[in-house]
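The following paragraphs accompany a sequence and its three-dimensional model. Please keep both in view while reading.

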Amino acid sequence: MSMELIKPGIHLDFVGKMKYAIIFSVILTIIAIGSVIFHRGLNLGIDFAGGSVIQVKFQKEVSADQIRTALKSTKLENSTIQQFGVNEFLIRTHESFNDQKILAANLEQPLTSAFNKDYEIRRVEVVGSKVGADFQRKAVFAVILSWIAMLIYITWRFEFRYAVGGIIALVHDVLILIGTVSILNMEFTISILAAIFFIIGFSINDTIVVLDRVRENVKLNPKQKLGDIINMSVNQTLSRTILTSLTVFLTVLALYIFGGAVIHDLAFSLLVGVVFGTYSSVFISCPIVLLFENMQISKMKRKK
Amino acid sequence: MFKSLKIRIAITVTVCLAALYFLIPTFITNVPSSWSQYLPKEKIHLGLDLQGGMHLVLEIDTEKALEAFMERTSNNLKESLMDTKVRFRNLEKAKEATISLELTDSAGKAALENVLRDQYPDLEIASTTPREGGQLVNLKIKDKRAIELKKLTVEHSLETIRNRVDQFGIAEPEIIPEGDNRILIQLPGIKDPERAKNLIGKTALLEFKVVDEENSLDEALRGNIPEGDIIAYGTREDKSTGQRGQVPYLLKNKTLLTGASLETAKVQIADRFGDPTVSLKFNSQGSIDFDRITGENVRKKLAIVLDGVVHSAPVIQERISGGQAQITGTFTMDEARDLAIVLRAGALPAPVNILEERTVGPSLGSDSIRQGIMATIIGTLLVIFFMIIYYRLSGGIADIALIINIVLVLGVLAAFRATLTLPGIAGMLLTVGVAVDANILIFERIREELRTGKTIRLALETGYNRAFMTIIDTHITGIVAAVFLIMFGTGPIKGFAVTTIIGLLASLFTAVFVTRVIFDYIIWNYNIKKLSI
């Protein structure tokens, strides 16, 4: 006997539940966008906004407040200080320190006088605001163009409505991830951008698998109602959908647990992305295909 | 495609061996030297986020290069116009990259046009405005030539920086032009980032100028700078207190000789205090010029100016033949060594601005690498166990394909000298996910076919065929998106896209082709009654 998570011949009514799913997704998306607006935009990391990040590791226990006190009346006075692993801190500011001398005067001297030499500066990153703005523009541009490219490819291989369904599903996933990042007040960094790319890839992969089954079943049963076909297809691919998502989820979970501080944000975003990428390929892309179908039918009726 | 199983096995083995071949330098550090000449040299490059080191993005101020060009041209033009007896006054480099002059003769414009056409084909008249007793003329550089000049400036800067970094002795530097006027520099594992930054970013324009001793320095400091003179500062260290102070000099603006005339520069311990000095040797033309210059200016002071700062201004005792000179000053040994390097490598044709700077300490880099590798291994092991438990033997076959997939991606990364960064790891994870998905798709289809009562061979055949188009579509969609990310993205975006494309291509090969080869091999060689799937 082989192992089966989902028994063959399963028949769950997905199409009937899609209404609720759409409502759920619309609410989530509104919350996501609302959070970004409420926080007055994203908390952009230095790669996008420019500025400096300094990572300092202390040899003994130190609190963020102690560091803040040490940096009082320096140029780093208004920087954000965040714990990052054991006795390790990130100091962030929107100023770009290009000169090591300024950095020494504003960071090393005050830290040394407060904590002696019991610390190590492990990382200094400085990005000019012009470069940040440039990168921001390029990232948005590249993402949107990649969406258009996929739209064209899927339209060519499938149909336009399938393409729209797939793209809306992944835009939905990206919005929800951005919303999560915003609600948790996480910094929007390169890691999050990488996660967004991952989710785009994962979500579209998942959607194509489901829609490919729909296409196949439409060919096999041209008379049947599309709603039934979609339900059948989702059920047929359900076992695969759950298996794939589970394996990817496990991998990413390992990354989240064992990957360390540097990978932490990336792994967390990937976890969010895997869950919603799976959900959206069933509950977002399929209803949109169905919606197009209904629109076409009503058009045809009017023509007659 | 390839019907013969033997050919398909040969292809699989060849591809795997090729990938392993490129991975030898990455995983085996002490290869016997008699072998190493047959092996590739390149390891997988790790990005700074994973390895530590320094990352710089420089912007070359090409406008400044253009202005410097116009400054030189204006001096030459002055002489040319005097030679051809065109009457003019107030010829100077005006704001931005233009030259303005007043012609004081009605026939002046035609004469000026002649001179421009014959000797300065790069210049054109931008505007003329009539003035009392003549006209005001603005000259500018032709647009096409300006673009060429800027491009040359960037190329020249790139080469100079490469030279400097090479001479500094940093292993595996990456120096890549980016966009129109940017240069990306990656220096892995560097110990003293500040020193490297100074070495790379210093313009290192060396000039020899005569000190003006006929006019009063004090008068000039009050604001009355004589025409053709400039004030420059040098530093002087008080030997007793050790404090550094600024010393002003009044110099003739005309540059007699530049660092371009140097043949080489090296550090010497010259004086009895053991202070290092940088000794210069001019090339043949430079030697002739230096001989003439020193001959014409005996008993005067000759200032050695580096990037506008006077390093020393010794008195010329006698004509100096042989083309040797020295820069003394208060250097540390490292400073002297770096100065010699930048002088040998030549001046940057334009100043550079640092737009982006990242330094990651080696301890942080190795921490994140260790944890990243461990997490990836644990994640991959989880997938491998999962597949075996769920799909038994077939799962094991998929696992072999998965491992080959990872080896292929790493091998291609090593062969093409691509850099693995954190976003790159995200890309690899995505492709591992997609590769496993491809096998799950195939296996689920095979199970469906088996349930309808088909034979093992037929079920395999149909399963693979049915899943094939789906797999092609998922992979190509991913590749199409990634190609766009490469075309329009930079740095980290590209890092993700490159590994994704390599990974998806590898996955097409391993998940579809390699697994099928293994299945066919088993079925054709062993009489299997029931497929373990």
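Which residues does L77(B) touch, not counting residues up to four places away in sequence? The model is predicted, with local features requiring pLDDT of at least 70 and side-chain atom pairs counting only at pLDDT 80 or more, while totals for chains, interfaces and linings use all residues. Residues are numbered from 1 along each chain as its sequence is written, chains are lettered from A and ligands numbered from 1 in the order in which they are written, and side-chain values use heavy atoms, with hydrogens and water left out. L77(B) touches L91(B), V115(B), L116(B), Y120(B) and L139(B), where contact means heavy atoms within 4.5 Å.

L77(B) belongs to helix 4 of chain B, residues 62-83. Helices (H or I, at least four residues) and strands (E, at least two) are DSSP runs, numbered from the N terminus. With a relative accessible area of 0%, L77(B) is buried; the term buried stands for under 20% relative accessible area, exposed for over 50%, and partly exposed for values in between, using a 1.4 Å probe and protein chains only. L77(B) and V498(B) are separated by 421 residues in sequence and by 52 Å in space, C-alpha to C-alpha.

Chain B as a whole contains 14 helices and 19 strands. Its radius of gyration is 34 Å, well over the 24 Å that the globule rule gives for 533 residues, so chain B is more spread out than a compact globule. That radius is taken over C-alpha atoms, and the rule is 2.2 Å times the number of residues to the power 0.38. Along the principal axes, the C-alpha trace of chain B spans about 105 × 65 × 40 Å. Of the 533 residues in chain B, 48% are buried.

Chain A has 10 helices and 4 strands. From the N terminus on, the elements of chain A follow the order α-α-β-α-β-β-α-β-α-α-α-α-α-α. For chain A the radius of gyration is 25 Å, whereas a compact globule of 304 residues would have one near 19 Å. Its C-alpha atoms fill a box of roughly 85 × 50 × 30 Å along the principal axes, and buried residues make up 55% of the 304 residues. Chain A is divided into domain 1 (14-44 + 131-303) and domain 2 (51-126), whose C-alpha centres lie 40 Å apart.

N87(A) has a positive phi of about 50° although it is not a glycine. N87(A) sits in the loop between strand 2 (80-83) and strand 3 (88-93) of chain A, and N87(A) is buried at a relative accessible area of 14%. R299(B), also a residue other than glycine, has a positive phi near 75°. The loop that holds R299(B) runs between helix 9 (284-296) and strand 15 (302-306) of chain B. R299(B) counts as exposed, at 58% relative accessibility.

Definitions and conventions: Domain bounds come from an automatic or database domain assignment.
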